[in-house]
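Please read the numbered points beside the sequence and the model.

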Amino acid sequence: MKIVVAYSGGLDTSVLLKWLKDKYNAEIIAYCADVGQAEELDGLEAKALATGASKCYIGDLKEDFAENYIFPMFQGNALYEGRYLLGTSIARPCISKGMVDVAIAEGADAIAHGATGKGNDQVRFELSVAALAPNIKMIAPWRDDEFRAQFPGRAEMIAYAEENNIPVKASMKKPYSMDRNLLHISFEAGAMEDVWHDATGEDDKDMYVLSVSPEDAPDTPQYVQFLFEKGNVIGLQTEGLSELITELGDVTPTGEQDGYTLLNPYGVMRVLNALGGKHGIGRVDLVENRFVGMKSRGVYETPGGTILLAAHQDLETLTVDREAQAVRDSLMPKYAQLIYNGFWFAPEREAIQDLITSTQRTVTGEVRLKLYKGNCMQAGRRSPLSLYDEDVASMEGAEEGKEEAYNQNDATGFIALNALRLKATARQKDQG
């Protein structure tokens with residue numbers, strides 16, 4: 001038997017790798033997806049081989065994640081339960097696709113993951129694999145009674161690692177769990193399980209990774225301009241951008257256009273994360289409804305995504321038809337729920353995505369935002385495809401000798417027609 005194991009090199013997945021190899025007498029292939037989590041990947045292959053894997057793949061999915069998952073999702077302005085920007089949720093189908101590609105190439109019989117039986121990730125991974133490779137078996141050790149009996153806690157895992165010479169660094173102290181990728185970082189469990197716990201206080205100040213607190217953000221605002229093409233940011237303009245790109249080290253501009261530095265989706269996210277983090281933008285603390293039925297509390301940092309959403313929504317107000325936007329927005333809660341619940345590869349998500357894409361044909365132009373102490377403030381938008389007509393919207397009358405662009409008298413009949421049913425209903429109530 002050949003099993004591809006989702007592997008990070010930490011205690012849980014290292015124990016899982018060894019345990020699966022022994023239980024199934026299987027060849028184990030470790031797979032780690034790099035989706036921008038910025039974790040130390042050096043030495044990961046050697047660690048996996050020392051633990052018992054025959055091979056270790058490290059999939060560089062950062063650019064794929066940005067271009068084919070983050071950007072399409074933000075074209076739909078997706079927010080789960082009105083607040084969560086789906087940072088963990090959208091990474092899971094990308095990771096699953098990478099694992100499936102390796103499993104198919106290797107002729108593997110199964111894919112195994114370390115998600116618990118209480119969370120959403122087990123559903124997301126397994127639904128994605130079912131959609132992409134229905135003949136590949138899924139193994140979830142945390143839903144195996146034998147595995148849970150052997151490892152009721154971290155102490156037993158640490159002891160198992162020591163007994164089997166598994167090279168991991170682990171501590172009994174784990175104040176919270178973290179999950180990081182290019183879009184966000186989440187904090188759950190530990191102190192976060194007390195929903196009255198104030199995660200903005202001094203005790204948790206060092207917990208945050210991607211952002212400073214709004215109180216500690218610069219006292220001077222920063223303006224950022226965005227160049228959009230068909231719903232996607234393709235260029236940025238802000239003071240100190242070239243120095244920031246140099247500092248980031250892994251962002252390469254693709255050119256210049258009208259004073260904008262052109263960037264690919266990965267570069268856009270990297271820059272916006274840095275700018276948002278600097279200005280204390282994108283922290284969210286919420287209690288959400290998990291797909292498996294329970295409520296859970298999470299604290300999230302999504303600096304770049306928060307800025308991207310604000311810019312995209314603002315340009316749409318200028319360039320998207322009212323009724324087309326209303327239809328798209330009516331589907332947004334369902335679209336966000338599909339992503340959250342693990343249905344990225346489902347036909348209904350793809351159908352909604354086609355509608356979203358059609359609304360983005362006109363979302364081309366520029367947006368200016370003002371970043372200041374946790375806030376993204378709209379500071380201007382313009383587009384060659386704008387639906388806004390200043391002559392129509394103006395409160396001023398037409399110049400002398402020039403015809404009015406909007407005849408206010410037309411509103412009389414408009415109102416009268418819309419009032420017909422209201423008057424009929426009022427008469428009906430009087431008769432009843």
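1. Strands S12 and S13 form a hairpin with five residues between them, and glycine 293 in the turn has a positive phi of about 120 degrees. Strands and helices here are DSSP runs, numbered from the N terminus: E for strands, with at least two residues, and H or I for helices, with at least four. S12 (residues 283–289) is antiparallel to S13, and seven bridges link them; two strands count as paired if DSSP finds at least two bridges between them. Leucine 286 has glycine 298 as its bridge partner in S13.

2. The model is a predicted one, in which local features need pLDDT of at least 70 and side-chain atom pairs count only at pLDDT 80 or more, while totals for chains, interfaces and linings use all residues. Residues are numbered from 1 along each chain as its sequence is written, and side-chain values use heavy atoms, with hydrogens and water left out.

3. Buried means under 20% relative accessible area, exposed means over 50%, and partly exposed lies in between (1.4 Å probe, protein chains only). S13 also pairs with S7 in the antiparallel sense, over three bridges, and phenylalanine 187 stands opposite valine 299 in S13.

4. S7 (residues 185–188) has a further antiparallel partner in strand S6 (residues 177–180), with four bridges between them.

5. Tyrosine 300 belongs to S13 (residues 295–301) and is buried, its relative accessible area being 3%. Apart from neighbours within four places in sequence, tyrosine 300 has contacts that include Tyr84, Ser186, Arg283, Leu286 and Glu288; contact means heavy atoms within 4.5 Å.

6. An unreviewed UniProt entry carries the annotation "binding site" for Tyr84, Ser89, Asn120, Arg124, Ser177, Ser186, Glu288 and Tyr300. Its positions are given in the numbering used here, feature names are shortened, and annotations may be inferred rather than shown by experiment. Serine 89, one of the annotated residues, lies in helix H4 (residues 87–106) and is buried, with a relative accessible area of 1%. Beyond four places in sequence, serine 89 touches Tyr84, Arg124, Ile339 and Tyr340.

7. Which residues touch the most other members of the largest nonpolar core? In this core of 80 residues, they are Phe65, Met73, Leu86, Phe226, Leu236, Val271 and Leu369. Its largest share, eight residues, comes from H4. Another core, of 29 residues, lies apart from it and has Leu17, Leu20, Cys56 and Ile139 among its members. A nonpolar core is a set of buried Ala, Val, Leu, Ile, Met, Phe, Trp, Tyr and Cys residues joined through side-chain atoms within 4.5 Å. In soluble globular proteins, nonpolar side chains tend to be buried together. Methionine 73, leaving aside neighbours within four places in sequence, is in contact with Ala78, Leu85, Leu86, Ile90, Leu183, Tyr335 and Ile339.

8. Five strands form an open sheet with parallel pairing, in the order S3-S2-S1-S4-S5. Strand S3 (55–60) and strand S5 (137–139) are the edge strands, each pairing on one side only. From one strand to the next, the twist averages 25 degrees. Helix H2 (residues 44–51) packs on the sheet and touches S2 and S3, its direction making about 150 degrees with that of S3; axes are lines fitted to C-alpha atoms, for helices over the stretch in contact, and angles run from 0 to 180 degrees between N-to-C directions. Strands S1 (residues 2–6) and S2 (residues 27–34) run parallel and are joined by five bridges, and valine 5 stands opposite alanine 30 in S2.

9. How far apart are the end C-alpha atoms of helix H1? They are 20 Å apart, which agrees with the 20 Å that its 14 residues (11–24) should span at 1.5 Å a residue; the expected span is 1.5 Å times one less than the number of residues. Buried residues in H1 include Leu11, Val15, Leu16 and Trp19. Asparagine 25, which follows H1, has a positive phi near 50 degrees.

10. Glutamate 239 sits in the loop between strand S9 (232–238) and helix H8 (241–248). Glutamate 239 is exposed, with a relative accessible area of 75%. Its C-alpha atom is separated by 63 Å from that of arginine 427, a residue 188 places away along the chain.
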